[in-house]
Amino acid sequence: VFDGVGGEIGRAAFEVTAEGGRFSVHGASSGEVTVIDPAQARRRGISVIGIEQLFGFGPRMRDWAQQVMSAAVTGRIRPVIGQTFPLEHAADAHAAIESRTALGKTLLLI
């Protein structure tokens, strides 16, 4: 989980993090950082990491991108496309994202 929201939403995201998963606290757009109980994380085998872990991504990015693209090609992973808008309605698409009513990815069709 990449938690950029924090607060109540961040705590809810931690609760659904898979056993043995990773929870990255890297933002607090809600105005509050997610606070994780270290003992609970240990019991569930969840690694809690901060934004500093992003600094090591560079050298591994190409390999990870290839893995993700291969998984997408085989259909193992698929993006969630919540809504599409014709290009001439780009302002409506932006409004949906800004108002947080957009679910998944918002695409402009050209």
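This is a predicted model: local features need pLDDT of at least 70, side-chain atom pairs count only at pLDDT 80 or more; totals for chains, interfaces and linings use all residues.
Asp37 has a relative accessibility of 39%, so it counts as partly exposed.

Asp37 belongs to the loop between β2 and α2. Its C-alpha atom is 12 Å from that of Phe23, and the two residues are 14 apart in sequence.

## Overall build

The protein contains four helices and five strands. Read from the N terminus, these elements follow the order β-α-β-α-β-α-β-α-β. The radius of gyration is 17 Å, whereas the globule rule gives 13 Å for 110 residues; the protein is therefore more spread out than a compact globule. Along the principal axes, the box filled by the C-alpha atoms is roughly 50 × 35 × 25 Å.

Of the 110 residues in the protein, 22% are buried. Taking contacts between residues at least 6 apart in sequence, 48% of them join residues at least 24 apart.

## Charges and salt bridges

The protein carries 11 positive and 11 negative side chains. The centres of these two sets are 10 Å apart. Side chains of opposite charge can pair when their charged atoms come close. With a salt bridge taken as a side-chain nitrogen of Lys or Arg within 4 Å of a carboxyl oxygen of Asp or Glu, the protein has two salt bridges.

One of the salt bridges joins Arg11 and Glu32, with 3.0 Å between the closest N and O atoms. Arg11 is in helix α1 (residues 7–15), and Glu32 is in the loop between β2 (22–25) and α2 (38–44), so this pair ties together parts that are 21 residues apart in sequence. Both ends are partly exposed: Arg11 has a relative accessibility of 33%, and Glu32 has a relative accessible area of 39%.

Another salt bridge joins Glu19 and Arg44, where the closest N and O atoms are 3.5 Å apart. Glu19 sits in the loop between α1 and β2 while Arg44 sits in helix α2, so the pair ties together parts that are 25 residues apart in sequence. Glu19 is exposed, at a relative accessible area of 59%, but Arg44 is buried, at 14%.

## Two glycines

Gly31 lies in the loop between β2 and α2. With a relative accessible area of 68%, Gly31 is exposed. Gly31 and Gly6 are 25 residues apart in sequence, and their C-alpha atoms are 7.4 Å apart in space.

Gly50 is part of strand β3 (residues 47–50). The relative accessibility of Gly50 is 16%, so Gly50 counts as buried. When neighbours within four places in sequence are left aside, Gly50 is in contact with Ser24 and Val25. Strand β2 covers residues 22–25. Gly50 and Ala90 are 40 residues apart along the chain, and 34 Å separates their C-alpha atoms.

Ala96 is located in helix α4. Its relative accessible area is 12%, which makes Ala96 buried. Not counting residues up to four places away in sequence, Ala96 touches Phe85, Thr101 and Ala102. The C-alpha atoms of Ala96 and Ile77 are 25 Å apart, and these residues are 19 apart in sequence.

Arg100 lies in the loop between α4 (90–98) and β5 (105–109). At 64% relative accessibility, Arg100 is exposed. Most residues other than glycine have a negative phi. Arg100 is not a glycine, yet its phi is positive, near 65 degrees.

Terms used. Residues are numbered from 1 along each chain as its sequence is written. Side-chain values use heavy atoms; hydrogens and water are left out. The radius of gyration is taken over C-alpha atoms; the globule rule is 2.2 Å times the number of residues to the power 0.38. Buried means under 20% relative accessible area, exposed over 50%, partly exposed in between (1.4 Å probe, protein chains only). Contact means heavy atoms within 4.5 Å. Lys and Arg count as positive and Asp and Glu as negative; His and the chain ends are not counted. The place of a charge is taken as NZ of Lys, CZ of Arg, CG of Asp or CD of Glu.
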